[in-house]
Amino acid sequence: MNTIEKSSKYYSTNIDFEFDNRIILNWYTNRIINKIKSNSKILELGIGHGYSTNMISSKFDDHTSVEGSSNVIKSYLSKFTHKPKKIIESYFEDFETSEKFDVIIMGFILEHVNNPVEILQKYRSFLKDDGILYAAVPNAKSLNRRVGFHADLLDDYYKLTENDHALGHQRYYDLEKFHNDFLVSDYKILSTEGIFLKPITTGQFETLQLNDEVINGFCIEGISYPELSLGILVEAGL
């Protein structure tokens with residue numbers, strides 16, 4: 001079994017971070033959807049937990065998703081209501097097309113691939129001249145990780161956990177490194193924002209049982225603090 005298929009089971013069975021996933025995946029996808037024109041031709045890399053693919057498919061007719069795991073594709077099709085126009089089973093490195101897209105979305109996939117810069121450079125050729133690429137990654141130096149570091153709960157901002165390895169993560173980003181990958185790949189960074197300003201651990205958040213309005217407040221405040229938020233979202237063009 002290849003590495004992608006080994007990791008795929010954790011996208012349907014890993015509930016340890018369901019709280020975080022539900023918040024960040026729904027939040028960043030809505031942020032992107034609200035910026036995209038209704039008639040856009042969209043290419044999405046990765047299905048993962050399925051939240052973003054389902055949301056994008058519910059709003060846009062011309063939506064193609066590329067996913068390297070047959071297990072993830074089967075799981076998605078069995079669980080979610082909305083389906084992309086096309087789901088293509090392919091590694092991101094191997095995918096080829098003669099089509100050009102208005103929007104390319106790389107939601108939490110660059111931390112998985114062997115060479116993120118290679119992926120960013122490759123997919124430039126699939127963007128229309130006025131096209132937009134959106135990419136999101138986890139932030140090594142989020143506020144909760146900074147607090148954990150100073151509390152001796154974390155000894156290295158960039159150290160991958162057992163859960164990271166299980167999910168196929170190969171790296172953590174910080175804001176500077178994320179920006180640098182875009183710049184060396186010859187993109188123009190149009191905007192950067194944070195995804196969910198999370199000051200404490202997931203367990204502590206769940207214990208507090210905060211209502212949706214308070215959680216939404218942490219997400220809104222995070223927009224202005226990408227260097228501290230749980231995730232970082234970049235909007236880039238050619």
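## Buried and exposed

A residue counts as buried when its relative accessible area is under 20%, and as exposed when that area is over 50%. This cut-off is applied here to a predicted model. Phe196 has 0% relative accessibility, so Phe196 is buried.

Phe196 sits in the loop between strand S6 (188–195) and helix H10 (202–208). Its phi is near 70°. That is a positive value in a residue other than glycine.

What does Phe196 touch, leaving out residues up to four places away in sequence? The list is Phe19, Asp20, Ile23, Ile24, Phe205, Phe218, Cys219, Ser229 and Leu230.

## The nonpolar cores

Phe196 also belongs to the largest nonpolar core, which has 27 residues. Tyr28, Ile36, Ile195 and Phe196 have the most contacts inside this core. Which element gives the largest share? It is H3, with eight residues.

There is a second, separate core of 26 residues. Its members include Phe92, Val113, Ile119 and Ala135.

## Helix H3 against helix H4

Two packed helices are described by the angle between their axes and the distance between the axes. H3 and H4 pack at an angle of about 30°, and their axes are 9 Å apart. Angles under 35 degrees count as roughly parallel, so H3 is roughly parallel to H4. The crossing of H3 and H4 is right-handed.

From H3, the contact uses Glu18, Asn21, Arg22, Leu25, Asn26, Tyr28, Thr29, Asn30 and Ile33. From H4, it uses Tyr51, Ser52, Met55, Ile56 and Lys59. By class, the contact of H3 with H4 has six nonpolar, five polar and three charged residues.

H4 itself is mostly covered, with seven of its nine residues buried. The buried ones are Tyr51, Ser52, Thr53, Asn54, Met55, Ile56 and Ser57. They pack against H3, strand S1 (42–45), strand S2 (63–67), helix H5 (70–79) and S4.

## Helix H3 against helix H11

H3 (residues 18–33) also meets helix H11 (residues 212–222). Their axes come within 11 Å and cross at roughly 55°. That angle makes H3 oblique to H11. H3 passes H11 in a right-handed crossing.

On the H3 side, the contact is made by Phe19, Ile23 and Trp27. On the H11 side, Ile215, Asn216, Cys219 and Ile220 take part. The residues of this contact divide into six nonpolar, one polar and no charged. Phe19, Ile23 and Cys219 are also among the residues that Phe196 touches.

## Helix H6 against helix H9

How do helix H6 (residues 116–124) and helix H9 (residues 175–184) cross? Their axes come within 9 Å and cross at roughly 45°. This makes H6 oblique to H9. The crossing is right-handed.

H6 brings Pro116, Val117, Leu120 and Gln121 to the contact. H9 brings Asp181, Phe182 and Val184. By class, the contact of H6 with H9 has five nonpolar, one polar and one charged residues.

## Ile232: a buried strand residue

Ile232 is found in strand S7 (residues 231–237). Is Ile232 buried or exposed? Its relative accessible area is 0%, so Ile232 is buried.

Leaving aside neighbours within four places in sequence, Ile232 is in contact with Ala135, Ala136, Val137, Asn139, Asp174, Leu175, Phe178, Thr192, Glu193, Ile195 and Pro226. Ile232 and Leu143 are 89 residues apart in sequence. In space, their C-alpha atoms are 12 Å apart.

Asp152 lies in the loop between helix H7 (143–150) and helix H8 (162–166). Asp152 is not a glycine, yet it has a positive phi of about 65°. Phe196 also has a positive phi. Asp152, however, counts as exposed, because its relative accessibility is 72%.

Asn34 lies in the loop between H3 and S1. With a relative accessible area of 67%, Asn34 is exposed. Asn34 and Met106 are 72 residues apart along the chain. Their C-alpha atoms are separated by 16 Å.

Note on methods
Residues are numbered from 1 along each chain as its sequence is written. This is a predicted model: local features need pLDDT of at least 70, side-chain atom pairs count only at pLDDT 80 or more; totals for chains, interfaces and linings use all residues. Side-chain values use heavy atoms; hydrogens and water are left out. Axes are lines fitted to C-alpha atoms, for helices over the stretch in contact, and angles run from 0 to 180 degrees between N-to-C directions. Helices (H or I, at least four residues) and strands (E, at least two) are DSSP runs, numbered from the N terminus. Angles under 35 degrees count as roughly parallel, over 145 as roughly antiparallel, 65 to 115 as roughly perpendicular and the rest as oblique. A crossing is left-handed if the near helix is turned anticlockwise from the far one by less than a right angle, and right-handed if clockwise. Contact means heavy atoms within 4.5 Å. Ala, Val, Leu, Ile, Met, Phe, Trp, Tyr, Cys and Pro count as nonpolar, Asp, Glu, Lys and Arg as charged, and the others, Gly among them, as polar. A nonpolar core is a set of buried Ala, Val, Leu, Ile, Met, Phe, Trp, Tyr and Cys residues joined through side-chain atoms within 4.5 Å. Buried means under 20% relative accessible area, exposed over 50%, partly exposed in between (1.4 Å probe, protein chains only).
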